[in-house]
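This briefing is intended for a reader meeting the structure for the first time. Please keep the sequence and the model in view while reading the points that follow.

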Amino acid sequence: MSKDEKLMHLLQNSPELPEMLEEFRDKLSEANEPLYPLLQMGRQKGTFSDTGHNYIEAKYKLNLLYCLNIGYYLMLHNSPREEKEDLKNHPVIERIVTMRNMYKTCAKTDCTLEQEIEHLLNVEEEKEEEEEETKKRKNPSSDGEEVEEDLYEKHKKLNEQEEK
């Protein structure tokens, strides 16, 4: 069987798989990118209230649990034929549906928090960049590149002031 034939066979027998794989990718990347850094930020600096931190932690755990259940479903889907026939009545299907409903419940809160989360992440990113610049100024590298750049900038500013 060619690769295309296998794909067609898979899609005919399991039309839900592409959607589940896409959801798996989306939820895992959401857990890794905005949620995990926010969790770390909240733990280290007390950036938000307990309620906000609890919500972000719950959402992070929900994403990981959802991915775990989809992974388990995929493992069962690739198991021997006897187990696959019982898959439609397997409890993992009910859990996946329950979690999808939980995501619908979270959607309203997510919309309200989305701009605040982006702002927090941007502020944190700017702070890290400022700290990096400060470190470079305090600890120039052995080749002196940062020092030369700073001297050049100072010299340039002095020349501009003299011209005025």
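Apart from its neighbours within four places in sequence, glutamate 23 is in contact with Tyr66, Ile70 and Arg100. The model is a predicted one, and glutamate 23 lies in its helix α2. The side chains of glutamate 23 and tyrosine 66 make a polar contact of 2.3 Å.

**Glutamate 23 and its partner**

- Glutamate 23 has a relative accessibility of 18% and therefore counts as buried, since the term applies under 20%.
- Tyrosine 66, whose side chain makes the polar contact with the side chain of glutamate 23, is likewise counted as buried, at 1% relative accessibility.

**Aromatic pairs**

- How many aromatic pairs does the structure hold? The structure holds two.
- Tyrosine 36 counts as partly exposed, at 37% relative accessibility, whereas tyrosine 60 is buried, with a relative accessible area of 18%.
- In the other pair, the rings of tyrosine 66 and tyrosine 103 have centres 5.3 Å apart; their planes are at 80°, so the pair is edge-to-face.
- Why is that pair called edge-to-face? The planes of tyrosine 66 and tyrosine 103 are at 80°, and an angle over 60 degrees counts as edge-to-face.
- Because tyrosine 66 lies in helix α3 and tyrosine 103 in helix α5 (residues 91–138), the pair ties together parts that are 37 residues apart in sequence.
- Tyrosine 103 is buried, with a relative accessible area of 11%.
- Which residue lies over the face of tyrosine 103? Lysine 27 does, at 3.8 Å from the ring centre.

**The second largest pocket**

- The second largest pocket holds about 240 Å³ of space.
- Its lining consists of 13 residues, and those nearest the centre of the pocket are Glu30, Lys59, Asp110, Glu114 and Ile117.
- The elements giving two or more residues to this lining are α2, α3 and α5.
- Which element gives the most to the lining of this pocket? Helix α5 does, with seven residues.

**Two loop residues**

- Serine 14 is placed in the loop between α1 (3–13) and α2.
- At 3% relative accessibility, serine 14 counts as buried.
- Serine 14 and histidine 77 are 63 residues apart along the chain, and their C-alpha atoms are separated by 9.0 Å.
- Aspartate 86 is found in the loop between α4 (81–85) and α5.
- Is aspartate 86 buried or exposed? Aspartate 86 has a relative accessibility of 52% and so counts as exposed, the term being used for values over 50%.
- Between aspartate 86 and leucine 76, which are 10 residues apart in sequence, the C-alpha to C-alpha distance is 9.5 Å.

**The chain as a whole**

- The secondary structure of the protein chain comprises six helices and zero strands.
- Read from the N terminus, the order of elements is α-α-α-α-α-α.
- Of the 164 residues in the protein chain, 22% are buried.
- Among contacts between residues at least 6 apart in sequence, 66% join residues at least 24 apart.

How values were computed. Residues are numbered from 1 along each chain as its sequence is written. This is a predicted model: local features need pLDDT of at least 70, side-chain atom pairs count only at pLDDT 80 or more; totals for chains, interfaces and linings use all residues. Side-chain values use heavy atoms; hydrogens and water are left out. Rings of Phe, Tyr and Trp (its six-membered ring) pair if their centres lie within 6.5 Å; planes under 30 degrees apart count as stacked, over 60 as edge-to-face and the rest as tilted. Buried means under 20% relative accessible area, exposed over 50%, partly exposed in between (1.4 Å probe, protein chains only). Helices (H or I, at least four residues) and strands (E, at least two) are DSSP runs, numbered from the N terminus. A charge sits over a ring if NZ of Lys or CZ of Arg is within 6 Å of the ring centre and within 35 degrees of the ring normal. A polar contact is a pair of N or O atoms within 3.5 Å; within protein, one must be able to donate a hydrogen and the other to accept it, and residues adjacent in sequence count only if both atoms are side-chain atoms. Contact means heavy atoms within 4.5 Å. On a 1 Å grid over the protein atoms alone, a cavity is a set of points where a 1.4 Å probe fits but cannot get out, and a pocket is an open set with protein on both sides within 12 Å along at least five of seven lines; lining residues have an atom within 4 Å of a point. Grid points are joined across faces, edges and corners, and a volume is the space filled by probe spheres set on the points.
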